Amino acid sequence: MIFAALNEANFEYDIHSLIKAFYPEEEVLVKAGLPEALIAEHPEASFYIVVDYGRENIGIALYSRSEPMADRLVAVDAADRKETKNRLKQTLYKLLSEYSGKALPWGTLTGIRPVKIPMDMINHGSSDDEIRSYMEETYFASPEKIDLSIEIAKREREVLSRLDYENGYSLYVGIPFCPSTCLYCSFTSYPITAWKERVDEYLDALCREIEATADMCRGKYLNSVYIGGGTPTSLMPEQLDRLIGQIGESFHLCGKDSRIVYGGLPDGGLESGEITGSGKALQQIHPSNHLLEFTVEAGRPDSITERKLEVLKKRNISRISVNPQTMNEETLRLIGRAHSVEQVKESFHLARDMGFDNINMDLIVGLPQEDIKDVRRTMDEITALMPDNVTVHSLAVKRASRLRIRREDYQGLRMENTRDIIRLTAESCRKMGLFPYYL
């Protein structure tokens, strides 16, 4: 355990996150109070960090038991909170880097989407070189990660340029049911078998909320819809059809045949009656519609059936997910997913055969007991399927997950997520012709 004692409560999250980035396998505790008393309460710590906030400077020291190992004093202007936080994290980073002998690829960047920084700078006219200098000097990020963040910012900016920021909005609809609860899951999600008799009640309430939301958004343009969860395809086909139909009706997304239709934005040069579309699907534009994408997270392969896919196809859903998380049978059993690798392939091929041409697949790296060989096997299997999008998550063990709540039952589990593993997933995606647009 690593213990950080602060003389006042300030920037606790930032300090905790940065220490955890250097020592991911260690428990990290951050408390405010009298440092000497706090340290005495925790004699089990492998080492201590003491942060002393002053009016014009911050002192940071590393101790092993009672012996000082290193310290720094940094001048700050307490009135400038952002700059104070940057200087605090820079100083702590240097101390931890010297002590551990490690450098972090993203430097001091914690608690923020890295792409946000170059995105803001690009929007204000900064050059790539100016962005590189700023991110290196301010956050100590590596050249590789800086270039990646600039690349993604430019691609993301292009995608987002299609949205109507002044009058547009996006809609998220949550379905809190799943076939089973995964070991690492912290979302609001309940086993569908235990609640199947009350799902219609949930949909009654949800449909009322959809109508109320549509009323509140009159005069604005719905740019995208995402139905997530949980697992939306835990619903029965008729329940799924009812939900999507309600969204289409309430937000005026449906043509005469009750299919969701897609159009252009107000300044996109598209008029009623023109033809547009994505991939193989071409639709007649609905005069009042500005929808660019409608995603339904089909998710669990064991919840996907031909009848449910027929509902999604009938409603002209533009994007779905078939989410294996891993293509290793032993891991699937360990994390509590009730499907097999073969079911993943069958569900994917079924969706392809039915004409779905925008299929996402979610993966998680750092799953219990998996190493780089397991991840390589997963990526090889995914490459053979050639999905249209791939989302790679790094496992974060959240407080509400079984993995954390009952951690004494899982102490022997190994969780490995290295730079080589992340690099492997990126290289595999590039071989499929997929390039990052969000980070």
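**Figure 1. Asn316 lies in the loop that runs between α10 (306-314) and β13 (319-322).** Its phi is positive, at about 65 degrees, although Asn316 is not a glycine. Helices (H or I, at least four residues) and strands (E, at least two) are DSSP runs numbered from the N terminus. The model is predicted: local features need pLDDT of at least 70 and side-chain atom pairs count only at pLDDT 80 or more, while totals for chains, interfaces and linings use all residues. Residues are numbered from 1 along each chain as its sequence is written, and side-chain values use heavy atoms, with hydrogens and water left out.

**Figure 2. A cis peptide bond joins Gly229 and Gly230.** The omega angle of this bond is about 10 degrees. Gly230 is placed in the loop between β9 (221-229) and α9.

**Figure 3. Tyr169 and Phe251 form a tilted aromatic pair.** Their ring centres are 6.4 Å apart and their planes stand at 50 degrees. Rings of Phe, Tyr and Trp (its six-membered ring) pair if their centres lie within 6.5 Å; planes under 30 degrees apart count as stacked, over 60 as edge-to-face and the rest as tilted. Under this rule the model holds ten aromatic pairs. Tyr169 belongs to strand β6 (residues 168-175), whereas Phe251 sits in the loop between α9 (237-250) and β10 (275-278), so the pair ties together parts that are 82 residues apart in sequence.

**Figure 4. The axes of α3 and α5 lie 9 Å apart where the two helices pack.** The angle between them is about 65 degrees, which means that α3 is roughly perpendicular to α5. Axes are lines fitted to C-alpha atoms, for helices over the stretch in contact, and angles run from 0 to 180 degrees between N-to-C directions; under 35 degrees counts as roughly parallel, over 145 as roughly antiparallel, 65 to 115 as roughly perpendicular and the rest as oblique. In contact (heavy atoms within 4.5 Å) are Lys82, Asn86 and Gln90 of α3 with Tyr134, Glu137, Thr138 and Tyr139 of α5. These residues comprise two nonpolar, three polar and two charged, where Ala, Val, Leu, Ile, Met, Phe, Trp, Tyr, Cys and Pro count as nonpolar, Asp, Glu, Lys and Arg as charged, and the others, Gly among them, as polar.

**Figure 5. The second largest pocket has a volume of about 300 Å³.** Of its 16 lining residues, Lys82, Asn86, Ile112, Ile117 and Tyr139 are the closest to the centre. At least two lining residues come from each of α3 (81-100), α4 (116-123) and α5 (128-139). The lining is made up of six nonpolar, four polar and six charged residues. On a 1 Å grid over the protein atoms alone, a pocket is an open set of points with protein on both sides within 12 Å along at least five of seven lines, a cavity is a set where a 1.4 Å probe fits but cannot get out, and lining residues have an atom within 4 Å of a point. Points are joined across faces, edges and corners, and a volume is the space filled by probe spheres set on them.

Figure 6. Gln325, Thr326, Leu363, Ile364, Val365, Glu370, Val375 and Thr378 line the largest cavity. Two or more of these residues come from each of β14 (359-365) and α13 (372-385), and β14 gives the largest share, three residues. By class, four lining residues are nonpolar, three polar and one charged.

**Figure 7. Helix α13 meets helix α15 (residues 419-431), their axes coming within 10 Å.** The axes cross at roughly 10 degrees, and therefore α13 is roughly parallel to α15. Ile372, Val375, Arg376, Met379 and Thr383 of α13 face Asp420, Ile421, Leu424, Thr425, Ser428 and Cys429 of α15 in this contact. Six of the contact residues are nonpolar, three polar and two charged.
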